[in-house]
Amino acid sequence: MKHCPKCGAKMHPDDTFCAACGHKLSDDGRYIIKKRSYFFVGLISFFIPLLGFIVSLLSKPSNPQKARVSFIWSLLGLMIYLSIFAILFIFFFSILMEILGLS
Ligand SMILES: [Zn+2]
């Protein structure tokens, strides 16, 4: 016995439609692909935060989940890039100070 992934009603193993809510089972295959593509959206957003923010803005009206994923990951990527940049800046700044004899 399998259950409808949408409403949880019991279904026959060879049913393609849920008798209770009309949910099409083939939709689930697409849903998994969608979820997988969010993984790549997140990955791209993480490595290219600017692109992630653009994707987030563009997909907000039609796909809030995708917008949220891209926004969170681009924010995370941006924070990591900024902290790397800050560490490098402090590092080179301290070398510069030492060269100039100011430390
Ligand atoms: Zn159902």
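**Exercise 1. Find which exposed residues sit on the face of α2 turned away from its buried side.**

Solution. The exposed residues on that face are Leu 50 and Leu 57. Helices (H or I, at least four residues) and strands (E, at least two) are DSSP runs, numbered from the N terminus.

Two notes on the model. It is predicted: local features need pLDDT of at least 70, side-chain atom pairs count only at pLDDT 80 or more, and totals for chains, interfaces and linings use all residues. Residues are numbered from 1 along each chain as its sequence is written.

**Exercise 2. List the buried residues of α2 and explain why they are on the same side.**

Solution. Helix α2 spans residues 49–59, and its buried residues are Pro 49, Gly 52, Val 55 and Ser 56. These residues cover an arc of only 115° around the axis, so they fall on the same side of α2. The arc is that of the directions from the helix axis to the C-beta atoms.

**Exercise 3. Describe how α2 and α3 are arranged: what is the angle at which their axes cross?**

Solution. Two packed helices are described by the angle between their axes and the distance between the axes. Helix α3 covers residues 64–100; its axis and that of α2 come within 8 Å and cross at roughly 160°. Axes are lines fitted to C-alpha atoms, for helices over the stretch in contact, and angles run from 0 to 180 degrees between N-to-C directions. Therefore α2 and α3 are roughly antiparallel. That label takes angles over 145 degrees; under 35 is roughly parallel, 65 to 115 roughly perpendicular, and the rest oblique.

Now identify the residues that meet. On α2 they are Pro 49, Gly 52, Phe 53, Val 55, Ser 56 and Ser 59; their partners on α3 include Ser 70, Ser 74, Gly 77 and Tyr 81. Contact means C-beta atoms, placed from the backbone, within 7 Å. Finally, sort the contact by class: 8 nonpolar, 6 polar and 1 charged residues. Ala, Val, Leu, Ile, Met, Phe, Trp, Tyr, Cys and Pro count as nonpolar, Asp, Glu, Lys and Arg as charged, and the others, Gly among them, as polar.

**Exercise 4. Compare Pro 49, Val 55 and Phe 53 in α2.**

Solution. 

- Pro 49 counts as buried because it has 22 C-beta neighbours inside 10 Å. Leaving aside neighbours within four places in sequence, Pro 49 contacts Ser 74, Gly 77, Leu 78 and Tyr 81. Its C-alpha lies 6.8 Å from that of Leu 75, 26 residues apart along the chain.
- Val 55 is buried, because 22 other C-beta atoms lie within 10 Å. With neighbours within four places in sequence left aside, Val 55 contacts Val 41, Ser 45 and Ser 70.
- Phe 53 is partly exposed, because 16 other C-beta atoms lie within 10 Å. Phe 53 and Arg 68 are 15 residues apart in sequence and 9.8 Å apart, C-alpha to C-alpha.

How values were computed:
A residue is buried if 20 or more other C-beta atoms lie within 10 Å of its own, exposed if 12 or fewer, and partly exposed in between; C-beta atoms are placed from the backbone. Two residues are in contact if their C-beta atoms, placed from the backbone, lie within 7 Å.
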